[in-house]
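Subject: Structure handover and findings

Dear colleague,

Here is the structure I said I would pass on. My notes follow below it.

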Amino acid sequence: MPYAPTLKGMSVLVTTGPTREYLDPVRFLSNPSSGKMGIAIAGEALRLGAKVTLISGPTSLTQTVSKKIKLIQVITAEGMYRAVMKKFPRADLIFMVAAVSDWRPANFSSKKLKIKKRWPLPLVPTPDILATVGRKKKKGQLLIGFAAETNNLVLNARAKMKKKNCDLMIANKVGSKNVGFESDHSRGYLLSKDSVVPFPLLSKQKLARKILKVFSKPFSN
Ligand code: CTP
């Protein structure tokens with residue numbers, strides 16, 4: 001029997017990239033996420049035959065995304081939240097790879113703020129998109145979260161997985177040389193409800209393959 005992994009007939013939603021939370025027209029809070037991991041997951045899902053929607057925060061790498069992927073570009077956590085709420089009900093697999101800003105400035109000034117010696121910056125939390133989907137997802141929908149951690153990877157990722165009701169969590173090492181944000185490589189752990197599988201230093205492309213293998217099924221023709 002010929003064997004090839006396939007996601008044919010499945011609808012896959014992926015979030016990727018950072019978000020930007022503006023305090024005035026020229027300054028924002030953000031993080032160094034490049035969007036590479038989510039773009040690799042979306043590309044691999046497409047290769048395996050899925051219908052793919054990619055919701056991306058600001059990154060120049062969206063230029064590399066296949067035209068066969070439905071690309072929705074957003075800027076803020078709030079914008080990403082609205083796009084995800086609209087799209088996730090029809091998705092079978094939901095990969096929340098984005099490095100969403102946890103905080104945004106409480107106030108936005110439409111005029112450029114003038115520099116002061118001290119600058120108290122009141123912040124308010126952004127919506128937790130993954131936790132919201134975790135509460136709302138229906139039977140049959142699988143939710144995959146990504147945890148960016150500098151230390152205690154498994155412990156921290158396990159806690160996030162439980163709190164946000166994910167079916168799978170990928171714990172990524174960040175904050176050291178050659179891995180994580182901006183890098184082409186990643187290392188960490190794949191956590192399911194009852195297993196922990198370490199993965200060594202891998203290209204994000206290879207990691208995307210490894211992750212999607214968990215969900216694809218054999219077919220014969
Ligand atoms: N996430 C999200 N919405 C947020 C924050 C995070 O959807 N406002 C999602 C990310 O896309 C990722 C997961 O939650 O899949 C974990 O993100 P991470 O930044 O590792 O953790 P946080 O939940 O933000 O917690 P902390 O920053 O305290 O580690």
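In which strand is Leu123 found? Leu123 belongs to strand 9, residues 123-125; helices (H or I, at least four residues) and strands (E, at least two) are DSSP runs, numbered from the N terminus.

Two remarks on the basis of what follows. This is a predicted model, in which local features need pLDDT of at least 70 and side-chain atom pairs count only at pLDDT 80 or more, while totals for chains, interfaces and linings use all residues. Residues are numbered from 1 along each chain as its sequence is written, and side-chain values use heavy atoms, with hydrogens and water left out.

Surface

Leu123 is partly exposed, at a relative accessible area of 38%. Buried here means under 20% relative accessible area, exposed over 50%, and partly exposed in between (1.4 Å probe, protein chains only). Together with Trp103 and Leu121, Leu123 makes a nonpolar surface patch of about 280 Å². Patches are made of residues with over 30% relative accessible area and no salt bridge, with like charges joined within 9 Å and nonpolar side chains (Val, Leu, Ile, Met, Phe, Trp, Tyr) within 5 Å. Accessible areas come from the Shrake-Rupley method with a 1.4 Å probe, and for residues only the protein chains shown count as cover.

Cores

A nonpolar core is a set of buried Ala, Val, Leu, Ile, Met, Phe, Trp, Tyr and Cys residues joined through side-chain atoms within 4.5 Å. The largest one has 30 residues, and those with the most contacts inside it are Leu7, Ile41, Phe95, Phe146, Ile211 and Phe215. Elements that each supply at least two residues of this core include strand 2 (11-16), helix 1 (36-47), strand 5 (51-56), strand 10 (142-149) and helix 5 (204-213). Helix 1 gives the most, with six residues.

Contact means heavy atoms within 4.5 Å. With neighbours within four places in sequence left aside, Leu7 is in contact with Val12, Ala45, Leu48, Gly49, Ala50, Leu93, Leu212, Phe215 and Ser216. A second, separate core has 25 residues, among them Ile72, Leu130, Met161 and Ala171.

Helix 1

The end C-alpha atoms of helix 1 are 16 Å apart, which agrees with the 16 Å that its 12 residues should span at 1.5 Å a residue; the expected span is 1.5 Å times one less than the number of residues. Its buried residues are Met37, Gly38, Ile39, Ala40, Ile41, Ala42, Glu44 and Ala45. Their cover includes strand 2, strand 5, strand 7, strand 10 and helix 5. After helix 1 comes Gly49, with a positive phi near 100 degrees.

Thr53, in strand 5, is buried at a relative accessible area of 13%. Residues up to four places away in sequence not counted, Thr53 touches Val12, Leu13, Val14, Lys70, Ile72 and Lys87.

Salt bridges

With a salt bridge taken as a side-chain nitrogen of Lys or Arg within 4 Å of a carboxyl oxygen of Asp or Glu, the count comes to nine. Asp24 pairs with Arg27, the closest N and O atoms being 2.5 Å apart; Asp24 counts as buried, at 0% relative accessibility.

Lys137 pairs with Asp167, with 3.0 Å between the closest N and O atoms. This pair links distant parts of the chain, 30 residues apart: Lys137 is in the loop between helix 3 (129-136) and strand 10, and Asp167 is in the loop between helix 4 (153-163) and strand 11. Lys137 counts as buried at 18% relative accessibility, and Asp167 counts as buried at 19%.

Asp167 also meets Lys193 in a salt bridge (3.6 Å, N to O). Lys193 lies in the loop between strand 12 (185-192) and strand 13, so this pair ties together parts that are 26 residues apart in sequence. Lys193 is exposed, at a relative accessible area of 56%. Elsewhere, salt bridges that share partners join Glu44, Arg47 and Arg209 into one network.

Backbone

Two residues to look at in the loops. Asn152, in the loop between strand 10 and helix 4, has a positive phi of about 45 degrees although it is not a glycine. Asn152 is partly exposed, at 49% relative accessible area. Asn165, in the loop between helix 4 and strand 11, is not a glycine either and has a positive phi of about 55 degrees. Asn165 is partly exposed, at 34%.

Regards
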